[in-house]
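Me: I would like to go through this chain with you, one topic at a time. Please give the cut-offs as the terms come up.

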Amino acid sequence: MGELTLRKSGDTESSGARSTVVQMPGLEICPSCDSAYVQALSSSRQKNGRLALELRCPECEVRMCVAATDAQVVAYEELCDAGREEMKRAYDRCVAESLEALAGVLARALALDLVTADDFAGPLRSPVVRRLR
Ligand SMILES: [Zn+2]
């Protein structure tokens, strides 16, 4: 897999003294804490054809520079796309459940005749607010 240089947060590229070279199992895995949520910060094409990536672990704040092959980057991007799709599905489920719950509350309020035109007049014109003033 890719060879990379690790820099602890706060190190500068020129310091170099605390940099270490390690192997990464995949670009998404942090070699420092094993988090599976490594994020790409920047990329540029090197003369040797590899992509120079700056990566960051959101959990331990390690920053890494790695020279990756196109295949490694494609595999990483496919994982990112799959994760993004999973989050979108979870978000959609959450929104649907929330709307269903709100619809259930509104249906119950309508059935109990608790909703009147005043409820749609705006918050400052609500009879409850008027009573509180
Ligand atoms: Zn980490």
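Reply: Helix α1 lies largely in the open, because the number of buried residues among its 42 is one. A residue counts as buried if 20 or more other C-beta atoms lie within 10 Å of its own, as exposed if 12 or fewer do, and as partly exposed in between, with C-beta atoms placed from the backbone. Helices (H or I, at least four residues) and strands (E, at least two) are DSSP runs, numbered from the N terminus. This is a predicted model, in which local features need pLDDT of at least 70 and side-chain atom pairs count only at pLDDT 80 or more, whereas totals for chains, interfaces and linings use all residues. Residues are numbered from 1 along each chain as its sequence is written.

Me: What do the end C-alpha atoms of α1 say about its span?
Reply: They are 60 Å apart, which agrees with the 62 Å that residues 70–111 should span at 1.5 Å a residue. The expected span is 1.5 Å times one less than the number of residues.

Me: And which residue with positive phi follows α1?
Reply: D113 does, with a phi near 55°.

Me: Changing topic, what pattern does the protein chain follow along the sequence?
Reply: The pattern is β-β-β-β-β-α-α, that is, five strands and two helices.

Me: How do β3 and β4 run, and how many bridges join them?
Reply: β3 (residues 39–45) and β4 are antiparallel, joined by six bridges; strands pair if DSSP finds at least two bridges between them. S44 has A52 in β4 as its bridge partner. Five residues separate the two strands in their hairpin, where G49 takes a positive phi near 95°.

Me: What about β4 and β5?
Reply: They also pair in the antiparallel sense, over six bridges, and R56 stands opposite R63 in β5. Their hairpin has six residues between the strands, and E61 in the turn has a positive phi of about 65°.

Me: Which residues make up the largest nonpolar core?
Reply: It has eleven residues: L27, C30, V38, L53, L55, C57, V62, M64, V66, A68 and Y76. A nonpolar core is a set of buried Ala, Val, Leu, Ile, Met, Phe, Trp, Tyr and Cys residues joined through C-beta atoms within 7 Å. β4 (51–56) and β5 (63–68) each supply at least two residues of this core, and the largest share, three residues, comes from β5.

Me: Which residues does L55 contact, beyond its neighbours within four places in sequence?
Reply: L55 is in contact with L27, V38, Q39, A40, L41, R63, M64 and V66, where contact requires C-beta atoms, placed from the backbone, within 7 Å.

Me: How much of the protein chain is buried?
Reply: Buried residues make up 12% of its 133 residues.

Key: Two residues are in contact if their C-beta atoms, placed from the backbone, lie within 7 Å.
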